[in-house]
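Visitor: I'm new here and would like a look around. Could you show me the protein and take my questions one at a time?

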Amino acid sequence: MSLRSLIDQLVPRARADDHLKRDLSEVCEDILGSHIGHAREPDLGVLAELMRRQIAQSSSDPTVSARFSNLLSRLLDQSVLSRKQSALHFLQSLGPAPRPPSILNSAFLPSVRGSVTYNSRVRSSRQPNIQPEPPIPPVADILRDYRARIGSCSNSRKPHLSEHLLLRDTLFLVQGISGKYVRFVETRGHYAEDEARLTFVEDAKCIIPLNTRTLILRISELGHLYNRVSSFVRSRDGKPGVGMIEQSLCHHLEAQLTEYYRLVAVLESQMAATPTAEGLTLRRIEVWIDEWRLKMRMMATCVEGCRDTHGGALVNLIHGHTANGDPFVRNFTDDLLQQVSRPFFEILQKWLFAGELHDPYAEFFVAVDPEMAHLQHGADNNIDSLSMPDGGFGLGSSAGMDGEDDAQRDGLEGGLRLWQKKYVFSKDMLPNFVGEPFGKKIFSTGRTLNFIRYTCHDSDWIATRNRMNNADRVLQYSDIQALERSIDDAFKIANQRLFDVFIDKFKLMDHVRALKMFLLLGQGDFIEQLMDSLAPNLARQANTLYRHNLTATLEAAIRSSNAAHQPADVLRRLDARMLPYSHGELGWDVFTLEYKVDAPLDTIIDPDAMTLYLRAFNHLWRLKRIERALGDGWRRVVGGARAFIRVPEYERDWHQTRIVMAEMIHFIRQLQAYSHLEAIECSWMALVEFVTKQEGDLDALINAHRTYLDRVAKKIQLISPKAGKEEYLLGVLREIFQIILQFREATESFYNLTLSEAARRDAERDEERGVYANAQSTPASTEPLSQAVKRIKQYTASFSEHAQALVHGLQTHPDLDCRFLAARLSFNEFYRTRKEKEKDRAPA
């Protein structure tokens with residue numbers, strides 16, 4: 001009655017016109033029953049930003065935007081206005097831009113959002129007309145036009161469709177089936193699975209109200225999600241190539257859909273049992289399915305993730321939702337992960353506690369390199385053949401100790417290469433709840449057990465497995481702390497067993513110590529005996545040497561030194577051979593010792609390591625040869641001093657020669673002391689300390705040995721870390737070696753010429769005394785002696801120049817030991833003082 005009184009008061013014409021009064025009443029009731037004016041007003045800052053964008057689109061003048069900012073600040077400063085946000089919202093609605101979208105336009109289901117066409121009509125009808133058009137039509141005509149635009153002019157007189165009829169369609173919708181009055185319309189295109197539209201079918205007698213349509217729209221989201229999940233499960237049923245983790249996901253989804261079918265059955269039974277108003281309604285259906293809507297959204301998210309991911313990456317994708325703040329979503333995801341991750345943990349348990357990789361669908365974060373999957377171990381006659389699902393670490397054939405060099409070298413290459421390349425760590429397949437540090441431990445532990453079983457042929461590996469207390473425990477997602485403890489325990493026990501196998505069974509340190517004694521010249525008496533025996537042969541041309549002679553000499557040197565007390569397994573690996581040589585090279589240049597290793601020692605002492613050993617041996621062997629040459633020369637010079645007295649004019653030259661030779665001997669001995677103490681022994685102590693602690697895995701042991709060897713090779717060869725100058729000092733040192741050998745030859749020539757001259761002068765004195773020799777001696781010229789002295793002086797100056805360059809380079813070397821070597825070579829600033837004297841003497 002109050003509404004009709006208001007109409008009579010505002011519209012006087014309606015007092016006498018009942019038809020107009022009834023129309024106005026219906027329009028007002030429609031407006032009051034609609035959502036017009038009920039939309040939530042945006043925030044004040046959002047409204048200001050929307051108005052700024054509206055002004056920027058409508059006007060390119062920057063002063064307009066500045067003026068708006070000024071007016072806005074003045075409006076906000078007004079203390080009289082209490083509803084500033086409402087006033088600003090009203091002003092914004094008067095503009096030509098549309099208002100912010102309502103709640104219907106932000107539905108959760110994007111596939112059915114486009115089907116709500118009536119919403120846009122409602123929004124467009126709410127835009128007031130700012131520009132009046134003359135003549136102004138009557139109010140009744142305006143309202144009639146409004147009702148026609150929203151579709152309620154003709155429908156307002158029609159009754160609403162019974163909710164009981166819509167209940168049946170709604171139950172069909174939640175099962176993904178179209179009903180009589182509400183239907184799914186599938187779109188065709190590239191994203192056909194993601195697009196779905198909802199249409200309402202009305203007859204000429206009844207209509208579906210707007211609020212009912214909105215409610216059905218929200219309920220139909222569940223049916224659309226159900227279609228996506230069920231179609232995914234059906235597509236994976238019986239499909240080849242589906243991984244175990246994806247199959248587990250499908251199994252869990254089927255279990256969830258079965259529970260969902262029970263819910264639908266309950267709703268249908270309630271609808272059939274109580275068709276009255278007190279029974280099942282659309283509102284009650286929405287309440288019933290609210291929990292399942294969240295579940296279906298999570299399941300649909302997993303289904304979408306399966307398109308681009310699989311295996312551990314899929315587990316990682318699902319685990320990402322466990323950080324959700326909603327307890328329901330978090331608990332549902334935990335239950336889902338508990339089921340889906342079972343195949344992952346089964347693979348993990350076999351790899352972690354047995355070293356076996358059973359992963360037919362490549363779902364684990366440990367994978368086998370396809371190029372090396374076919375490689376197998378050579379069978380051990382004393383050990384039963386063990387079968388591996390993935391082939392394990394292995395070589396195509398094991399090289400024997402007496403095999404050809406090429407075959408031996410290929411065998412040596414395979415050990416480390418297979419350890420590093422056979423199994424690959426895939427970070428993309430690693431779940432986040434495991435973490436990369438634990439993932440690396442799992443990867444290392446499995447490889448270690450695999451290596452112990454199939455490379456080391458350790459028959460006691462089962463005892464190692466029994467020491468793992470968690471080996472028989474079932475790993476699962478719900479107990480991550482136990483998983484971490486199992487990983488740590490398995491890592492420690494497996495690597496402890498690996499160290500024991502290498503050190504006790506295969507005597508790793510005995511072989512590394514043998515390499516230090518023989519190839520790094522640590523066995524002094526053996527090296528002296530070998531060099532004494534080989535010196536006459538190595539002084540000849542390289543093409544005149546034979547390997548069997550070198551081998552026989554090597555065996556004789558071993559028997560005549562303390563090296564004979566070494567284990568037989570060590571001595572049988574030592575051999576002598578010649579490097580490839582060119583025309584004119586001597587035996588000194590091509591001789592080398594060789595130490596042969598086989599599996600599994602070739603994993604640590606690999607071909608690259610043997611190359612570094614040989615380089616170090618060649619350098620130290622050359623240094624030893626020069627020391628021997630200088631020692632022989634010093635003995636001859638000192639022993640022939642009485643003969644030099646008879647040639648007094650060269651006594652000063654011989655004195656200077658002895659000084660230079662003593663300087664060279666000091667230089668070489670300081671280099672030898674540095675090489676054996678600072679370079680080799682200090683590095684050896686660091687390696688022994690690491691092996692004694694037995695920390696880390698096989699990679700750590702390989703790195704420790706490689707660090708030891710790199711340090712030795714770089715220090716004794718004076719390698720610099722500066723780019724472009726790495727081998728500068730090594731080149732200078734090699735030139736010094738060559739100069740010393742040339743100086744030694746010149747000294748030998750000077751010695752022989754001096755003895756000849758002394759003999760000639762003795763013959764002349766005998767002839768003057770009337771004593772005649774058996775043969776008539778011919779007078780000799782002093783020219784060869786002067787030439788020999790000149791050569792000695794040239795080599796002396798060249799040696800001094802190169803020694804000064806080497807000392808200067810060592811003084812600026814980044815390595816502290818090298819700088820200390822420079823102080824030992826020039827302990828009293830000898831070379832710096834000589835250089836200053838030469839500079840002072842140069843201008844004169």
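This is a predicted model: local features need pLDDT of at least 70, side-chain atom pairs count only at pLDDT 80 or more; totals for chains, interfaces and linings use all residues.

Visitor: Let's start with Leu267: which helix is it found in?

Guide: Residues are numbered from 1 along each chain as its sequence is written, and side-chain values use heavy atoms, with hydrogens and water left out. Helices (H or I, at least four residues) and strands (E, at least two) are DSSP runs, numbered from the N terminus. Leu267 sits in residues 244–273, and that run is helix α12.

Visitor: Is Leu267 buried or exposed?

Guide: The cut-offs go like this: buried means under 20% relative accessible area, exposed over 50%, and partly exposed in between (1.4 Å probe, protein chains only). Leu267 has 1% relative accessibility, so the label is buried.

Visitor: How do Phe345 and Phe433 pair up, and what is the angle between the planes?

Guide: A pair of aromatic rings is described by the distance of the centres and the angle of the planes. Rings of Phe, Tyr and Trp (its six-membered ring) pair if their centres lie within 6.5 Å; planes under 30 degrees apart count as stacked, over 60 as edge-to-face and the rest as tilted. The whole structure has 25 aromatic pairs. Phe345 and Phe433 make a stacked one, 5.9 Å centre to centre, with an angle between the planes of 25 degrees.

Visitor: How many residues apart are Phe345 and Phe433?

Guide: Phe345 belongs to helix α16 (residues 342–354), while Phe433 is in the loop between β4 (423–425) and α18 (436–454). Phe345 is buried at 2% relative accessibility, and Phe433 is buried too, at 9%. This pair links distant parts of the chain, and the spacing is 88 residues.

Visitor: Where does Thr603 lie?

Guide: Thr603 counts as buried, with 1% relative accessibility. Leaving aside neighbours within four places in sequence, Thr603 is in contact with Gly415, Leu416, Trp419, Phe451, Leu698 and Ile702. As for the spot, Thr603 lies in the loop between β6 (591–595) and α26 (607–639).

Visitor: How many helices does the whole protein come to?

Guide: Of the 844 residues, 45% count as buried. Among contacts between residues at least 6 apart in sequence, 75% join residues at least 24 apart. The secondary structure has six strands, and the helix count is 33.

Definitions and conventions
Contact means heavy atoms within 4.5 Å.
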